[in-house]
Amino acid sequence: SASQSLEAAYAFTPEKARAQIPGTVLWYHGLSAAHIEHNGTAIADFRLLLARRLEMEKSDSVTRFAVLPSNNVRYVLATTLRRAGHTREAAEEFRTVLTNDLSFEMAHAQLADIAEQEQAWDVAVQERERALEASPADPGLLLDYGTTLARARRFKEAMAVLAQAEEAMPLNARVPYLRGQAAVADGQTDAAMLAFRRFAAIAPTRYGSQVKQLEAK
């Protein structure tokens, strides 16, 4: 496999010579390691590659527009750190990504996920808003925003945002289902019934159990 070939090439590389490994090899070796959850190896690869890119960008502004700019490498490093359980360090790297590029919407989304895990709801909502501001045409970010508002118990706001998401994604059954749940939590029975009817009308077969539960009520 490609992973085994890269690993073999790495294994036969003397420790002192690893600094000379081409960046493309480092990149794909790191991605391959992350894919099979060898996070320590992936993190080491991405750290080395990031250091190289930063050094190159100091000396030549043209390299900032290369295939692997440092900010992209930093984002992947941060994602791998988070996957490995190094949440605080990952958050710091995501913030650095945003310091370099405030429009990097997925870094905002990752920080929102981390804030949700910590039940820091104001921060989570703020990061969802910033992600959406950075990429307003992405309906998935709109759905994420509405979902976070509901988890933060800001049900009326959640229903409004989820209604927008439903307009953008009319065949996504999750949206009316979540909107119905928010309406129930806010005590809006009629709005909930309308949302759940819409959900039942478009829900694929994998949502069969949810549809049956609603029909039984």
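Author: α10 passes α11 in a left-handed crossing, where the near helix is turned anticlockwise from the far one by less than a right angle (clockwise would be right-handed). This is a predicted model, in which local features need pLDDT of at least 70 and side-chain atom pairs pLDDT 80 or more, while totals for chains, interfaces and linings use all residues. Residues are numbered from 1 along each chain as its sequence is written, and side-chain values use heavy atoms, without hydrogens and water.

Reader: At what angle do α10 and α11 pack?

Author: Helix α10 covers residues 174-185 and helix α11 residues 189-202; they pack at about 160 degrees, with axes 8 Å apart. Helices here are DSSP runs (H or I, at least four residues), numbered from the N terminus.

Reader: Which residues of α10 and α11 meet?

Author: From α10 there are Pro176, Tyr177, Arg179, Gly180, Gln181, Ala183 and Val184, and they meet Ala191, Ala192, Ala195, Phe196, Arg198, Phe199 and Ile202 of α11. By class, the residues in this contact of α10 with α11 are 10 nonpolar, 2 polar and 2 charged. Asp, Glu, Lys and Arg count as charged, Ala, Val, Leu, Ile, Met, Phe, Trp, Tyr, Cys and Pro as nonpolar, and the others, Gly among them, as polar.

Reader: How many aromatic pairs are there in the whole structure?

Author: The search finds 5 aromatic pairs, meaning rings of Phe, Tyr or Trp (its six-membered ring) with centres within 6.5 Å. Planes under 30 degrees apart would be stacked, and over 60 edge-to-face.

Reader: Is phenylalanine 199 buried or exposed?

Author: Phenylalanine 199 counts as buried, at 1% relative accessibility. The cut-offs are under 20% for buried and over 50% for exposed, with partly exposed in between (1.4 Å probe, protein chains only).

Reader: And which residues form an aromatic cluster?

Author: Tyr75, Phe94 and Phe104 form one.

Reader: Back to helices. How do α9 and α10 pack?

Author: Helix α9 (residues 155-168) packs against α10 at about 160 degrees, with their axes 9 Å apart. α9 is therefore roughly antiparallel to α10, and the crossing is left-handed. The residues of this contact of α9 with α10 are 12 nonpolar, no polar and 2 charged.

Reader: New topic. What is serine 70 in contact with, apart from its neighbours in sequence?

Author: Leaving aside neighbours within four places, serine 70 is in contact (heavy atoms within 4.5 Å) with Leu50, Arg53, Leu54 and Glu57. Serine 70 lies in helix α4, residues 70-83, and is buried at 8% relative accessible area.

Reader: Where is glutamate 37?

Author: Glutamate 37 is in the loop between α2 (23-35) and α3 (39-59). Its phi is near 65 degrees, a positive value in a residue other than glycine, and it is exposed, at 61% relative accessibility.

Reader: What about the phi of arginine 153?

Author: Arginine 153 has a positive phi of about 65 degrees and is not a glycine. It sits in the loop between α8 (139-151) and α9 and is exposed, with 63% relative accessible area.

Conventions
Axes are lines fitted to C-alpha atoms, for helices over the stretch in contact, and angles run from 0 to 180 degrees between N-to-C directions. Helices (H or I, at least four residues) and strands (E, at least two) are DSSP runs, numbered from the N terminus. Angles under 35 degrees count as roughly parallel, over 145 as roughly antiparallel, 65 to 115 as roughly perpendicular and the rest as oblique.
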